[in-house]
Amino acid sequence: MTGDRFARHALVPGWDQKRLADATVVLAGAGALGNTVAQTLALAGLGRLVVCDPDTVAVSNLSRCPLFRAADVGRPKARVLAEALADLAPGTAVDAREAPHVSGAGLAELRDADLVVSALDSRAARISLAGRCTLAGTGMLDGGTHAWGGEVSWYPPGGRCRACGLGPAERAVQDDPWSCAAPDPAAEAGASAPVSGLVGAWLADFAVRLLLGLSVPEAPLRVDAAGFAMPLSGAPSGELPDPDCPLHERLPADVPVLPLDQEATVADLLDHVDVHEEPLAWAGFSRPVRRRAAVRTVTSRLRSAPASARLSALGVAPREVLPVARRDGSGLRYVELAAVGKERQGIPGDLTEARRATTEGVL
């Protein structure tokens, strides 16, 4: 085969193929929108894609997801998407994370990504990702659909986020995404291939422009085939954050990197924190119970987990930045996990006393 795969791109004003090839995008959601976004970015020549989704392919996905086939039903969406792109666009490295975004991509990965794209199907998950993006100081490109249209919004770093303007009750809505393989009838909403393709393509178009350093509309792009063509409306996302929005904390600039990755154990982590400190996970995990209980206990306190438990098994994402609280409530600091297989050596802190101070769940 001869010729330049991207020859027509070179004719587009402002296009920089190398810039795309050097870019990394974190994509949360591998459903209908995520399929179109991933397919389009890979065809455009994106260098690296990290895709997070805990769900499996259902029969109902086949009408809206161009990268899934009937033989994929029951398999993890993120893995199937990665395999499909390996054939379609082998120049794009795809890192499939079979987990929700909070356990799939750590804050350090969000911080270092060129773009984070939300293709999630619930308000709770989109607000959760918005909070992590503001912590990491990263902008978030968000997309969503309804029966005959959808919306694409860009939330730049330091500006308004997905939760700005919402009241406490709206931010607290727990409409966690249902599994496509076992849908909750009360949570199901209509969706179709034309709408998913249309909104997903706009989402990918915005993503490419942002990766190329080009401008995108500040106001949300709303598409409604039943009423309007493509009006631009809403508050510009570049405005100052809502002062009542609690999602605008930032990580400090000098977070130390531990010589541990997400495959380290709880005991390994406790060797690097003080006996009076409490390392916390962002995703809750089931706490060991010593007696039968009617309700399962969920906690984020890593000292509550078995000392031999791996951090990954507790929902800790690769390159996560973990909060570490003083147990007397007097302060908080952060520690960063190294990339898998790239643990740094020479970090002081062999605090074995901390391991002995684990009060629950030690094997």
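**View 1. Helix α6 is largely enclosed by the rest of the structure, because 12 of its 14 residues are buried.** Buried here means under 20% relative accessible area, with over 50% counted as exposed and anything in between as partly exposed (1.4 Å probe, protein chains only). This is a predicted model, in which local features need pLDDT of at least 70 and side-chain atom pairs count only at pLDDT 80 or more, while totals for chains, interfaces and linings use all residues. Residues are numbered from 1 along each chain as its sequence is written, and side-chain values use heavy atoms, leaving out hydrogens and water. Helices (H or I, at least four residues) and strands (E, at least two) are DSSP runs, numbered from the N terminus. Among the buried residues of α6 are Arg126, Ile127, Leu129, Arg132 and Leu135. The helix covers residues 123-136 and reaches 20 Å from its first C-alpha to its last, close to the 20 Å expected at 1.5 Å a residue; the expected span is 1.5 Å times one less than the number of residues.

**View 2. Seven strands form an open sheet with mixed pairing, in the order β3-β2-β1-β4-β5-β6-β7.** Two strands pair if DSSP finds at least two bridges between them. At the edges, β3 (93-97) and β7 each pair on one side only. From one strand to the next, the twist averages 15°. Look inside the sheet for β4 and β5 (residues 140-146), which pair in the parallel sense over three bridges. Here methionine 140 in β5 is the bridge partner of valine 116. Helix α8 packs on the sheet, touching β1, β4, β5, β6 and β7, and its direction makes about 170° with that of β5. Axes are lines fitted to C-alpha atoms, for helices over the stretch in contact, and angles run from 0 to 180 degrees between N-to-C directions.

**View 3. The largest nonpolar core has 42 residues.** Such a core is a set of buried Ala, Val, Leu, Ile, Met, Phe, Trp, Tyr and Cys residues joined through side-chain atoms within 4.5 Å. Val25, Leu27 and Val117 are among those touching the most other members. The largest share, eight residues, comes from α8. Beyond four places in sequence, valine 117 is in contact (heavy atoms within 4.5 Å) with residues including Val37, Leu141 and Leu203.

**View 4. Threonine 36 sits in helix α2.** Its 9% relative accessibility makes threonine 36 buried. Leaving out residues up to four places away in sequence, threonine 36 touches Pro66, Ser196, Gly197, Gly200 and Ala201.
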